[in-house]
Amino acid sequence: MEMESNYFSNYPPPKALPRHEALARAFIELQLEHKRRVVLVTSGGTTVPLENQTVRFIDNFSAGTRGAASAEQFLENGYAVIFLHRQFSLLPYSRHYSHSTNCFLDFMDEDATTSSIVVRSEYQHAMRDVLRKYRYAKQNNLLLVLPFTTVTEYIFELRAMANLMKPLGANALFYLAAAVSDFFIPRDRMAEHKIQSSEIPSDIAKKHDQPIQDDDVYTGYNESEEQQQQPNKSKKLIVDLDPVPKFLHRLVDGWAPEGSMIVSFKLETDPNLLVYKARASLQRYAHHLVIGNLLSTRKWEVVFVTPEPPHERWIRVPKSKRSKSISGEQNQIGLAEGSRNKQKEEKEEEQAGQDLDTDLEIECMIIPKLVQLHTKRIELVK
Ligand code: PMT
(Lines give C-alpha, C1' and ligand atoms only; values in the text may rest on other atoms or scores of the structure.)
Protein backbone atom coordinates (compact mmCIF):
# COMPACT_ATOMS: atom_id res chain seq x y z
CA MET A 1 0.00 0.00 0.00
CA GLU A 2 2.78 2.37 1.01
CA MET A 3 4.81 1.29 -1.99
CA GLU A 4 1.83 2.09 -4.20
CA SER A 5 1.21 5.57 -2.83
CA ASN A 6 4.93 6.31 -3.05
CA TYR A 7 4.87 5.20 -6.64
CA PHE A 8 2.01 7.47 -7.58
CA SER A 9 3.34 10.46 -5.71
CA ASN A 10 6.77 10.07 -7.29
CA TYR A 11 5.56 10.36 -10.86
CA PRO A 12 3.51 12.94 -12.67
CA PRO A 13 0.44 11.39 -14.31
CA PRO A 14 0.72 10.90 -18.08
CA LYS A 15 -0.18 14.02 -20.06
CA ALA A 16 -2.86 12.16 -21.99
CA LEU A 17 -4.58 10.83 -18.86
CA PRO A 18 -7.26 13.53 -18.41
CA ARG A 19 -8.26 13.15 -22.07
CA HIS A 20 -8.31 9.36 -21.81
CA GLU A 21 -10.41 9.58 -18.66
CA ALA A 22 -12.93 11.86 -20.33
CA LEU A 23 -13.20 9.51 -23.32
CA ALA A 24 -13.51 6.44 -21.09
CA ARG A 25 -16.13 8.08 -18.85
CA ALA A 26 -18.36 8.85 -21.84
CA PHE A 27 -17.74 5.40 -23.31
CA ILE A 28 -18.64 3.62 -20.07
CA GLU A 29 -21.78 5.73 -19.58
CA LEU A 30 -22.95 4.70 -23.02
CA GLN A 31 -22.33 1.02 -22.30
CA LEU A 32 -24.18 1.33 -18.99
CA GLU A 33 -27.20 2.70 -20.85
CA HIS A 34 -27.11 -0.34 -23.12
CA LYS A 35 -26.42 -2.70 -20.17
CA ARG A 36 -23.42 -4.07 -22.02
CA ARG A 37 -20.53 -5.94 -20.57
CA VAL A 38 -17.25 -4.04 -20.83
CA VAL A 39 -13.79 -5.59 -20.99
CA LEU A 40 -10.56 -3.74 -20.41
CA VAL A 41 -7.99 -5.46 -22.62
CA THR A 42 -4.36 -4.51 -21.95
CA SER A 43 -1.97 -5.27 -24.76
CA GLY A 44 1.64 -5.01 -25.90
CA GLY A 45 4.82 -4.36 -23.99
CA THR A 46 5.75 -1.50 -21.69
CA THR A 47 8.96 0.49 -22.02
CA VAL A 48 11.35 1.31 -19.22
CA PRO A 49 13.06 4.59 -20.02
CA LEU A 50 16.73 4.98 -19.14
CA GLU A 51 16.58 8.76 -19.32
CA ASN A 52 13.90 11.22 -18.30
CA GLN A 53 14.19 12.92 -21.67
CA THR A 54 14.09 9.51 -23.23
CA VAL A 55 16.41 8.51 -26.02
CA ARG A 56 16.98 4.93 -24.86
CA PHE A 57 14.66 2.49 -23.19
CA ILE A 58 14.33 -1.20 -22.33
CA ASP A 59 11.52 -3.00 -24.09
CA ASN A 60 10.15 -6.51 -24.51
CA PHE A 61 9.05 -8.80 -27.31
CA SER A 62 5.28 -8.35 -27.18
CA ALA A 63 3.72 -7.29 -30.47
CA GLY A 64 0.21 -7.12 -29.06
CA THR A 65 -1.17 -9.98 -31.14
CA ARG A 66 -2.86 -11.65 -28.17
CA GLY A 67 -4.52 -8.43 -27.05
CA ALA A 68 -5.66 -7.29 -30.50
CA ALA A 69 -6.98 -10.72 -31.55
CA SER A 70 -8.76 -11.10 -28.20
CA ALA A 71 -10.37 -7.67 -28.50
CA GLU A 72 -11.89 -8.72 -31.84
CA GLN A 73 -13.28 -11.86 -30.23
CA PHE A 74 -14.77 -9.94 -27.30
CA LEU A 75 -16.51 -7.67 -29.79
CA GLU A 76 -17.84 -10.75 -31.62
CA ASN A 77 -19.23 -11.90 -28.29
CA GLY A 78 -21.14 -8.68 -27.61
CA TYR A 79 -18.70 -6.92 -25.30
CA ALA A 80 -17.65 -3.31 -25.51
CA VAL A 81 -13.86 -3.07 -25.38
CA ILE A 82 -11.47 -0.56 -23.84
CA PHE A 83 -8.24 -1.40 -25.61
CA LEU A 84 -5.35 -0.11 -23.51
CA HIS A 85 -2.35 -0.80 -25.67
CA ARG A 86 1.26 0.03 -26.17
CA GLN A 87 1.43 2.77 -28.77
CA PHE A 88 2.21 1.38 -32.26
CA SER A 89 1.57 -2.22 -31.23
CA LEU A 90 -1.06 -4.18 -33.15
CA LEU A 91 -4.65 -2.92 -33.14
CA PRO A 92 -7.88 -4.90 -33.56
CA TYR A 93 -8.82 -5.24 -37.25
CA SER A 94 -6.01 -3.13 -38.72
CA ARG A 95 -3.55 -5.76 -37.45
CA HIS A 96 -4.52 -7.90 -40.45
CA TYR A 97 -2.92 -5.29 -42.68
CA SER A 98 -0.02 -4.14 -40.57
CA HIS A 99 3.15 -2.66 -41.91
CA SER A 100 5.50 -5.37 -40.67
CA THR A 101 3.92 -8.74 -41.38
CA ASN A 102 1.24 -7.93 -43.94
CA CYS A 103 2.13 -4.70 -45.66
CA PHE A 104 -1.18 -3.05 -46.61
CA LEU A 105 0.23 -1.99 -49.99
CA ASP A 106 0.51 -5.63 -51.01
CA PHE A 107 -3.26 -5.93 -50.81
CA MET A 108 -3.82 -3.16 -53.35
CA ASP A 109 -3.64 -2.57 -57.04
CA GLU A 110 -4.19 0.22 -59.52
CA ASP A 111 -7.16 -0.35 -61.76
CA ALA A 112 -5.86 -0.46 -65.34
CA THR A 113 -8.69 1.57 -66.88
CA THR A 114 -9.68 4.05 -64.18
CA SER A 115 -6.38 4.31 -62.26
CA SER A 116 -8.37 4.01 -59.03
CA ILE A 117 -6.77 2.12 -56.20
CA VAL A 118 -8.57 -1.16 -55.62
CA VAL A 119 -8.22 -4.17 -53.33
CA ARG A 120 -6.83 -7.14 -55.23
CA SER A 121 -9.51 -9.66 -56.08
CA GLU A 122 -8.05 -12.51 -53.99
CA TYR A 123 -8.26 -10.37 -50.83
CA GLN A 124 -11.73 -8.87 -51.40
CA HIS A 125 -13.64 -11.39 -49.34
CA ALA A 126 -11.45 -11.39 -46.27
CA MET A 127 -10.98 -7.63 -46.30
CA ARG A 128 -14.70 -6.95 -46.64
CA ASP A 129 -15.30 -9.11 -43.60
CA VAL A 130 -12.69 -7.27 -41.52
CA LEU A 131 -13.85 -3.86 -42.74
CA ARG A 132 -17.49 -4.58 -41.86
CA LYS A 133 -16.62 -5.68 -38.36
CA TYR A 134 -14.36 -2.67 -37.87
CA ARG A 135 -17.02 -0.25 -39.08
CA TYR A 136 -19.68 -1.89 -36.94
CA ALA A 137 -17.52 -1.54 -33.81
CA LYS A 138 -16.73 2.08 -34.63
CA GLN A 139 -20.20 3.20 -35.62
CA ASN A 140 -21.73 1.66 -32.53
CA ASN A 141 -19.08 3.01 -30.16
CA LEU A 142 -18.03 -0.44 -29.04
CA LEU A 143 -14.29 0.06 -29.14
CA LEU A 144 -12.23 2.65 -27.31
CA VAL A 145 -8.53 2.62 -28.20
CA LEU A 146 -6.14 4.20 -25.68
CA PRO A 147 -2.35 4.15 -25.98
CA PHE A 148 0.45 4.07 -23.41
CA THR A 149 4.20 3.74 -23.78
CA THR A 150 6.04 3.43 -20.47
CA VAL A 151 5.36 1.12 -17.55
CA THR A 152 4.46 4.14 -15.41
CA GLU A 153 1.92 5.36 -17.95
CA TYR A 154 0.45 1.85 -18.05
CA ILE A 155 -0.01 1.73 -14.28
CA PHE A 156 -1.62 5.18 -14.09
CA GLU A 157 -3.97 4.29 -16.94
CA LEU A 158 -4.88 0.92 -15.41
CA ARG A 159 -5.80 2.51 -12.10
CA ALA A 160 -7.82 5.26 -13.75
CA MET A 161 -9.73 2.89 -16.05
CA ALA A 162 -10.51 0.49 -13.20
CA ASN A 163 -11.92 3.32 -11.10
CA LEU A 164 -14.04 4.59 -13.96
CA MET A 165 -15.38 1.07 -14.53
CA LYS A 166 -16.74 0.87 -10.96
CA PRO A 167 -20.40 1.51 -11.94
CA LEU A 168 -20.27 -1.53 -14.22
CA GLY A 169 -19.98 -3.91 -11.26
CA ALA A 170 -19.99 -7.55 -12.35
CA ASN A 171 -20.36 -6.54 -16.00
CA ALA A 172 -16.71 -5.42 -15.94
CA LEU A 173 -13.98 -7.80 -17.04
CA PHE A 174 -10.21 -7.21 -16.85
CA TYR A 175 -8.10 -9.09 -19.37
CA LEU A 176 -4.49 -8.27 -18.63
CA ALA A 177 -2.56 -9.50 -21.65
CA ALA A 178 0.06 -6.73 -21.71
CA ALA A 179 3.63 -7.80 -21.02
CA VAL A 180 4.35 -5.46 -18.13
CA SER A 181 7.98 -4.77 -17.23
CA ASP A 182 9.05 -6.21 -13.90
CA PHE A 183 12.01 -3.86 -13.47
CA PHE A 184 12.48 -0.15 -13.90
CA ILE A 185 14.67 2.78 -12.94
CA PRO A 186 13.07 4.86 -10.18
CA ARG A 187 12.78 8.53 -10.89
CA ASP A 188 15.34 9.61 -8.31
CA ARG A 189 18.04 7.58 -10.07
CA MET A 190 17.12 8.42 -13.61
CA ALA A 191 19.36 10.62 -15.72
CA GLU A 192 17.61 13.73 -16.97
CA HIS A 193 19.45 13.91 -20.28
CA LYS A 194 20.71 11.36 -22.75
CA ILE A 195 23.34 9.19 -21.09
CA GLN A 196 26.64 10.09 -22.64
CA SER A 197 28.94 7.35 -23.84
CA SER A 198 31.90 9.42 -22.70
CA GLU A 199 30.58 10.19 -19.24
CA ILE A 200 28.99 8.01 -16.56
CA PRO A 201 26.29 9.44 -14.32
CA SER A 202 27.96 9.26 -10.92
CA ASP A 203 24.86 7.96 -9.08
CA ILE A 204 24.67 4.82 -11.25
CA ALA A 205 28.40 4.23 -10.90
CA LYS A 206 28.26 4.57 -7.10
CA LYS A 207 25.29 2.24 -6.70
CA HIS A 208 26.91 -0.63 -8.52
CA ASP A 209 28.10 -3.01 -5.80
CA GLN A 210 30.53 -5.07 -7.90
CA PRO A 211 34.03 -3.73 -8.27
CA ILE A 212 34.46 -2.40 -11.75
CA GLN A 213 37.55 -3.33 -13.68
CA ASP A 214 38.89 -0.25 -15.31
CA ASP A 215 39.89 -2.20 -18.36
CA ASP A 216 36.69 -3.94 -19.28
CA VAL A 217 34.05 -1.66 -17.90
CA TYR A 218 33.52 1.64 -19.45
CA THR A 219 30.74 3.75 -18.15
CA GLY A 220 32.05 7.18 -18.90
CA TYR A 221 34.34 9.06 -16.62
CA ASN A 222 36.36 11.72 -18.23
CA GLU A 223 38.81 9.85 -20.34
CA SER A 224 42.20 11.12 -21.16
CA GLU A 225 42.90 11.82 -24.79
CA GLU A 226 45.22 8.83 -24.78
CA GLN A 227 42.51 6.49 -23.44
CA GLN A 228 40.04 7.68 -26.01
CA GLN A 229 42.43 6.66 -28.76
CA GLN A 230 42.55 3.00 -27.62
CA PRO A 231 40.84 1.10 -30.44
CA ASN A 232 39.51 -1.99 -28.58
CA LYS A 233 38.52 -0.52 -25.27
CA SER A 234 35.25 -2.25 -24.32
CA LYS A 235 32.38 -0.08 -23.21
CA LYS A 236 29.58 -0.93 -20.85
CA LEU A 237 26.66 0.90 -19.40
CA ILE A 238 25.73 -0.34 -15.96
CA VAL A 239 22.08 0.06 -15.07
CA ASP A 240 20.55 -0.62 -11.67
CA LEU A 241 16.91 -1.64 -11.91
CA ASP A 242 14.36 -1.85 -9.10
CA PRO A 243 11.34 -4.17 -9.13
CA VAL A 244 8.13 -2.56 -10.35
CA PRO A 245 5.55 -2.88 -7.54
CA LYS A 246 2.99 -5.59 -8.40
CA PHE A 247 -0.22 -3.72 -9.03
CA LEU A 248 -2.40 -6.75 -9.51
CA HIS A 249 -2.94 -6.77 -5.75
CA ARG A 250 -4.30 -3.25 -5.75
CA LEU A 251 -6.47 -3.94 -8.77
CA VAL A 252 -8.06 -6.93 -7.03
CA ASP A 253 -8.38 -5.28 -3.63
CA GLY A 254 -9.47 -1.79 -4.45
CA TRP A 255 -9.37 -0.38 -7.94
CA ALA A 256 -11.64 -2.84 -9.72
CA PRO A 257 -15.43 -2.81 -9.36
CA GLU A 258 -17.02 -5.07 -6.78
CA GLY A 259 -18.04 -8.36 -8.39
CA SER A 260 -15.96 -7.82 -11.53
CA MET A 261 -13.79 -10.56 -13.01
CA ILE A 262 -10.02 -10.26 -13.24
CA VAL A 263 -7.97 -12.36 -15.62
CA SER A 264 -4.20 -12.14 -15.68
CA PHE A 265 -1.66 -13.87 -17.90
CA LYS A 266 1.44 -15.74 -16.90
CA LEU A 267 4.24 -16.01 -19.41
CA GLU A 268 7.10 -18.45 -18.98
CA THR A 269 9.76 -20.00 -21.19
CA ASP A 270 10.42 -23.10 -19.05
CA PRO A 271 7.60 -25.67 -19.46
CA ASN A 272 8.31 -27.07 -15.99
CA LEU A 273 7.50 -23.76 -14.36
CA LEU A 274 4.38 -22.63 -16.18
CA VAL A 275 1.57 -24.29 -14.22
CA TYR A 276 3.36 -23.87 -10.91
CA LYS A 277 3.85 -20.14 -11.50
CA ALA A 278 0.28 -19.65 -12.75
CA ARG A 279 -1.09 -21.35 -9.62
CA ALA A 280 1.20 -19.31 -7.39
CA SER A 281 -0.03 -16.11 -9.03
CA LEU A 282 -3.67 -17.09 -8.51
CA GLN A 283 -3.03 -17.83 -4.84
CA ARG A 284 -1.06 -14.69 -4.30
CA TYR A 285 -3.49 -12.23 -5.84
CA ALA A 286 -6.72 -14.14 -5.18
CA HIS A 287 -8.29 -13.16 -8.49
CA HIS A 288 -10.35 -15.33 -10.81
CA LEU A 289 -8.30 -16.77 -13.63
CA VAL A 290 -4.70 -16.99 -14.75
CA ILE A 291 -4.10 -17.85 -18.38
CA GLY A 292 -0.69 -19.46 -18.64
CA ASN A 293 1.32 -19.51 -21.84
CA LEU A 294 4.78 -20.43 -23.01
CA LEU A 295 6.63 -18.03 -25.24
CA SER A 296 7.32 -20.78 -27.79
CA THR A 297 3.77 -22.22 -28.02
CA ARG A 298 1.60 -19.26 -27.09
CA LYS A 299 -0.14 -19.12 -30.46
CA TRP A 300 -1.32 -22.75 -30.20
CA GLU A 301 -1.93 -23.60 -26.55
CA VAL A 302 -2.75 -21.94 -23.24
CA VAL A 303 -3.79 -23.22 -19.85
CA PHE A 304 -6.68 -21.83 -17.78
CA VAL A 305 -5.80 -22.01 -14.09
CA THR A 306 -8.81 -21.39 -11.83
CA PRO A 307 -9.52 -21.58 -8.10
CA GLU A 308 -12.46 -23.93 -8.83
CA PRO A 309 -12.23 -27.43 -10.32
CA PRO A 310 -10.96 -28.54 -12.77
CA HIS A 311 -8.23 -26.04 -11.67
CA GLU A 312 -6.23 -26.64 -14.84
CA ARG A 313 -7.76 -26.73 -18.30
CA TRP A 314 -5.71 -26.75 -21.49
CA ILE A 315 -6.91 -25.16 -24.68
CA ARG A 316 -5.17 -26.20 -27.89
CA VAL A 317 -5.63 -25.33 -31.51
CA PRO A 318 -6.23 -28.58 -33.45
CA LYS A 319 -3.07 -29.69 -35.20
CA SER A 320 -4.34 -29.09 -38.73
CA LYS A 321 -5.47 -25.56 -37.85
CA ARG A 322 -2.23 -24.28 -36.37
CA SER A 323 -0.85 -21.19 -38.01
CA LYS A 324 2.80 -21.18 -38.96
CA SER A 325 4.91 -19.10 -36.63
CA ILE A 326 8.53 -18.24 -37.22
CA SER A 327 9.35 -17.94 -33.53
CA GLY A 328 7.09 -20.79 -32.36
CA GLU A 329 8.20 -24.35 -31.57
CA GLN A 330 5.44 -26.86 -32.33
CA ASN A 331 7.46 -29.69 -30.79
CA GLN A 332 7.12 -28.01 -27.39
CA ILE A 333 3.33 -28.27 -27.41
CA GLY A 334 2.17 -30.33 -24.45
CA LEU A 335 5.46 -30.17 -22.54
CA ALA A 336 4.03 -27.99 -19.79
CA GLU A 337 1.09 -30.32 -19.15
CA GLY A 338 1.88 -32.96 -16.55
CA SER A 339 -0.54 -35.83 -17.23
CA ARG A 340 -1.46 -35.74 -20.83
CA ASN A 341 -3.26 -38.33 -22.96
CA LYS A 342 -1.78 -37.24 -26.26
CA GLN A 343 -3.48 -39.76 -28.54
CA LYS A 344 -7.00 -39.22 -27.18
CA GLU A 345 -6.48 -35.51 -27.28
CA GLU A 346 -5.22 -35.41 -30.84
CA LYS A 347 -8.23 -37.42 -31.98
CA GLU A 348 -10.55 -34.95 -30.28
CA GLU A 349 -8.60 -32.05 -31.66
CA GLU A 350 -8.80 -33.34 -35.21
CA GLN A 351 -12.53 -33.91 -34.87
CA ALA A 352 -13.02 -30.42 -33.55
CA GLY A 353 -11.08 -29.00 -36.45
CA GLN A 354 -12.61 -31.06 -39.25
CA ASP A 355 -15.12 -28.53 -40.51
CA LEU A 356 -12.68 -25.66 -40.66
CA ASP A 357 -10.52 -25.09 -43.67
CA THR A 358 -8.33 -22.22 -42.50
CA ASP A 359 -5.90 -21.54 -39.68
CA LEU A 360 -7.56 -20.94 -36.36
CA GLU A 361 -6.38 -18.27 -33.96
CA ILE A 362 -6.32 -19.53 -30.41
CA GLU A 363 -8.15 -16.39 -29.22
CA CYS A 364 -11.24 -17.77 -31.04
CA MET A 365 -11.13 -20.62 -28.52
CA ILE A 366 -10.02 -18.64 -25.46
CA ILE A 367 -12.65 -15.91 -25.49
CA PRO A 368 -15.85 -18.03 -25.74
CA LYS A 369 -14.58 -20.14 -22.80
CA LEU A 370 -13.83 -17.00 -20.86
CA VAL A 371 -17.23 -15.51 -21.65
CA GLN A 372 -18.82 -18.63 -20.11
CA LEU A 373 -16.78 -18.14 -16.94
CA HIS A 374 -17.70 -14.46 -16.81
CA THR A 375 -21.40 -15.33 -17.21
CA LYS A 376 -21.11 -17.80 -14.33
CA ARG A 377 -19.49 -15.15 -12.17
CA ILE A 378 -22.16 -12.57 -12.99
CA GLU A 379 -24.83 -15.07 -11.96
CA LEU A 380 -22.94 -15.92 -8.80
CA VAL A 381 -22.64 -12.34 -7.57
CA LYS A 382 -26.22 -11.33 -8.49
O1 PMT B 1 1.67 -9.74 -27.53
P2 PMT B 1 1.98 -11.14 -27.99
O3 PMT B 1 3.24 -11.17 -28.79
O4 PMT B 1 0.81 -11.77 -28.67
O5 PMT B 1 2.28 -11.99 -26.66
C6 PMT B 1 1.26 -12.23 -25.74
C7 PMT B 1 1.82 -12.35 -24.31
C8 PMT B 1 2.75 -13.54 -24.23
C9 PMT B 1 2.56 -11.07 -23.93
C10 PMT B 1 0.58 -12.55 -23.34
O11 PMT B 1 -0.08 -13.72 -23.70
C12 PMT B 1 1.04 -12.64 -21.87
O13 PMT B 1 1.40 -13.68 -21.37
N14 PMT B 1 1.02 -11.47 -21.16
C15 PMT B 1 1.46 -11.34 -19.76
C16 PMT B 1 2.96 -11.45 -19.67
C17 PMT B 1 3.43 -11.01 -18.31
O18 PMT B 1 3.65 -9.87 -18.08
O19 PMT B 1 3.52 -11.96 -17.38
P20 PMT B 1 4.14 -11.68 -15.91
O21 PMT B 1 4.42 -12.99 -15.33
O22 PMT B 1 5.30 -10.73 -15.97
O23 PMT B 1 2.97 -10.94 -15.15
C24 PMT B 1 1.85 -11.62 -14.67
C25 PMT B 1 0.73 -10.63 -14.37
O26 PMT B 1 1.13 -9.71 -13.35
C27 PMT B 1 0.34 -9.84 -15.61
O28 PMT B 1 -1.00 -10.11 -15.93
C29 PMT B 1 0.48 -8.38 -15.20
O30 PMT B 1 -0.72 -7.66 -15.45
C31 PMT B 1 0.75 -8.41 -13.71
N32 PMT B 1 1.85 -7.51 -13.33
C33 PMT B 1 3.03 -7.60 -13.94
C34 PMT B 1 4.05 -6.74 -13.57
C35 PMT B 1 3.78 -5.79 -12.57
N36 PMT B 1 4.71 -4.93 -12.17
N37 PMT B 1 2.59 -5.72 -11.97
C38 PMT B 1 1.61 -6.58 -12.33
O39 PMT B 1 0.53 -6.52 -11.76
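The shell around the ligand divides into 13 nonpolar, six polar and five charged residues. This is a predicted model. Of the 24 residues around the ligand, those that come nearest are Ser62, Gly64, Arg66, Lys266 and Asn293.

- Thr65 has a backbone N or O atom 3.4 Å from an oxygen atom of the ligand.
- For Val180, a backbone N or O atom likewise lies 3.4 Å from a ligand oxygen atom.
- Arg298 contributes through its side chain, where an N or O atom is 3.2 Å from an oxygen atom of the ligand.

**Cover and composition of the shell**

- The ligand taken alone exposes 780 Å², and the protein buries 94% of that area.
- Helix H3 (65–76) and strand E11 (261–268) are the elements that give two or more residues to the shell around the ligand.
- Strand E11 gives the most to this shell, with four residues.

- Ile117 is placed in strand E6, which covers residues 117–119.
- Ile117 counts as exposed because its relative accessible area is 59%, and the cut-off for exposed is over 50%.

Conventions
Residues numbered from 1 in each chain as written. Predicted model: local features only at pLDDT ≥ 70, side-chain atom pairs only at ≥ 80, totals over all residues. Heavy atoms only, no water. Buried < 20%, exposed > 50% of the residue type's maximum accessible area, 1.4 Å probe, protein only. Near = heavy atom within 4 Å. Polar contact = N/O pair within 3.5 Å; in protein donor to acceptor, adjacent residues only side chain to side chain. Areas by Shrake-Rupley, 256 points an atom, 1.4 Å probe, with all protein chains shown as cover. Nonpolar A, V, L, I, M, F, W, Y, C, P; charged D, E, K, R; others polar.
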